[in-house]
Amino acid sequence: YSLLDGLTKIDDLVKKAKRLGMTSMALTDHGTISGWIKFYEECIAHEIKPIFGIEAYIVDDALRIKDLDRQIEELEDKQSKWLPLFDGIMEDENGVETLKEQKGKERKSNHVILLAQNEAGYRNIIKLSSWGYLNGYYYKPRIDLDILAKHSDGLIVTSACLGGQISYNILKGNLDKAEQYVRKYKEMFGDNFYIELQLHPVKEQEMVNKKNIEFAKKTGLSEIYLW
C-alpha cells in the first residue's frame with residue numbers, strides 16, 4: 001500500500017513468511033495505514049502475529065506549509081487591490097514569489113519507522129497518520145517531532161532507511177545535526193528507539209551503517225539489523 005512505491009502483495013508476503021517459519025511480521029507502508037486490515041486478516045489466517053506500523057514522512061515543521069499558504073494568500077489579496085493602480089505593472093514588493101520559492105523547498109521530507117508496541121501505540125499511529133493528512137499534507141502526509149512527541153506513548157521507533165533524518169544528514173556530511181536527531185529520539189523514546197542498520201552492499205549504506213554504529217555506541221542505543 002505504499003502508493004506508486006510498494007512492490008510486494010500482502011497475501012504473498014505473509015505466505016512467504018509462513019514458509020520461512022516466521023512467527024510475526026510488521027507492515028510499514030509509506031505514509032499510510034490503509035493496508036492494516038488486509039494485513040491483519042492474512043496474518044491471523046496463517047497464525048502469524050501482526051505488528052502494526054507505518055513509515056511516516058517527517059519534517060522539522062509540518063505546519064510551516066499552512067503558515068506560508070496563509071502569508072501568500074494575504075499578500076496576494078493586498079497585491080490584487082493595488083495592481084490596477086499601476087496598470088498591471090508592479091514588482092514583487094510584497095514578497096509573494098519569495099514565499100512561493102520557500103514553499104517549493106519544503107517538499108523534502110524524511111522517513112521514520114513507527115511500530116505499535118501495544119494498544120496505546122496502535123491508537124497513536126492512527127492519530128499521527130490522520131494528523132499528517134489533515135494538517136501536515138504537502139505532496140505527502142507529513143508529521144514532525146513536536147506532534148510525534150505528543151503521541152509517543154506505546155511506540156517503538158527505528159531510524160529508518162537512507163531516507164531517515166539521521167542517515168540523510170550523515171550522507172550530506174551534517175554529522176552534528178545527525179547526532180542531534182539521535183539524541184532527540186533517545187530523549188523522546190529511550191530504550192524504545194533503535195538505530196536501524198540495513199545490510200545492503202551499497203557504498204552509501206555501508207558508510208551510513210558505520211557512522212550509525214558509532215552514534216549508537218556513543219549514546220548507549222541498541223542496534224537493529226534489517227536485511
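Predicted model: local features only at pLDDT ≥ 70, side-chain atom pairs only at ≥ 80, totals over all residues.

Mentor: The partner of Arg-70 in a salt bridge is Glu-74, with 3.2 Å between the closest N and O atoms; a salt bridge is a side-chain nitrogen of Lys or Arg within 4 Å of a carboxyl oxygen of Asp or Glu. Glu-74 is likewise partly exposed, its relative accessible area being 41%. Both residues belong to helix α3, where they are 4 residues apart, about one turn of the helix. Helices are DSSP runs of H or I with at least four residues, numbered from the N terminus. Through shared partners, salt bridges join Asp-67, Arg-70 and Glu-74 into one network.

Asp-69 is partly exposed at 32% relative accessibility. The side chain of Asp-69 meets that of Lys-103 in a salt bridge, at 2.6 Å from N to O. Because Asp-69 lies in helix α3 (residues 64-82) and Lys-103 in helix α4 (residues 96-104), this pair ties together parts that are 34 residues apart in sequence. In total, the structure holds 11 salt bridges.

As for conventions, residues are numbered from 1 along each chain as its sequence is written, and side-chain values use heavy atoms, with hydrogens and water left out. Local features need pLDDT of at least 70 and side-chain atom pairs count only at pLDDT 80 or more, whereas totals for chains, interfaces and linings use all residues.

Methods. Helix = DSSP H or I, 4+ residues; strand = E, 2+ residues; numbered from the N terminus. Buried < 20%, exposed > 50% of the residue type's maximum accessible area, 1.4 Å probe, protein only.
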